[in-house]
Amino acid sequence: MSAAEVRAFWQGLGLPGLIDVHTHFMPKNVLDKVWAYFDAAGPLLGRPWPITYREEEARRVELLREFGVRAFTAMLYPHKPGMAAWLNAWAAGFAARTPDCLHTATFYPEPGAAGYVARALADGARVFKAHLQVGGYDPADPLLDEVWGLLAGSGTPVVTHCGSGPAPGKHTGPGPIGAVLARHPRLPLVVAHMGLPEYGDFLDLAERYPQVRLDTTMAFTAFTERDSPFPPAELPRLRALQGRILLGTDFPNIPYPYAEALDALAGLGLGEEWLRAVCHDNAADLFNLRGDKGV
């Protein structure tokens, strides 16, 4: 599907563009390893996972701009100690040369994590990424308590892969991250992938904690519905949480065209007001982007 079709979607809603809170940019050697993982997704997950937008970095940025994505993120994450500070330095440079990217940072449970998170915040980081499945760590690890406190205190969103899809991890599911929220109830947690497949449990957390949001990354698409369908009975709750659902796509690592994610949202039948909130307005409010031309 063409960029023109993506633009027609948001123009038809009367929006100035899209804001995508879940896109991936990272150092080439790290992204190459991520792509190698998806290339092996057949034996790992039982199905192929072709990467639709396997392009050079500059072209991927250009594609998002062609789609009319006026702000996006550089979701990146460590899988071992000693990586996070280096990734943060790369992400700061990427944000500096890519003004429509929301300066993204990350962390790992290790001595010094609070220090480099504080530095990232001081340097202008606007959103963080935590990946409990790939990182294989308990979010309630004492080494992260000060980190969560810094993010809660500064009101900085943290997009967190805490659901058990596409494959469960030792610390995925609502329990581990729920323990963090119990200690830091003001934490602006964004649950990636709607928390699939534990949709209902993560909707529970959003209803319990006013600062919890969910992103739509890969949810509702035909690819995901095959194995992790969203329960139709939960649609009224999704409608009621209109102000706390954010557009996410997983670009460039999606196994289908970008427009399919938008069509899947429209197919829920929750109305144009809901779509406007999810595809732009909620993130614009969260990141103070209303009327911000330069992002």
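Let's start with T217, which is found in the loop between strand β8 (213-215) and helix α11 (222-225). Helices (H or I, at least four residues) and strands (E, at least two) are DSSP runs, numbered from the N terminus. This is a predicted model, where local features need pLDDT of at least 70, side-chain atom pairs count only at pLDDT 80 or more, and totals for chains, interfaces and linings use all residues. Residues are numbered from 1 along each chain as its sequence is written, and side-chain values use heavy atoms, with hydrogens and water left out.

T217 has a relative accessible area of 0%, so it counts as buried (under 20% relative accessible area; exposed is over 50%, partly exposed in between, with a 1.4 Å probe and protein chains only). Who touches it? Setting aside neighbours within four places in sequence, T217 is in contact (heavy atoms within 4.5 Å) with H22, H193, G248, T249 and D250.

Now look for the open sheet: six strands, in the order β4-β5-β6-β7-β8-β9, with parallel pairing. Two strands pair if DSSP finds at least two bridges between them. The edges are β4 (104-106) and β9 (245-246), each pairing on one side only.

On to the rings. Rings of Phe, Tyr and Trp (its six-membered ring) pair if their centres lie within 6.5 Å; planes under 30 degrees apart count as stacked, over 60 as edge-to-face and the rest as tilted. The structure has 17 aromatic pairs. One of them is Y53 with F67, edge-to-face at 6.0 Å centre to centre and 75 degrees between the planes. Both Y53 and F67 are buried.
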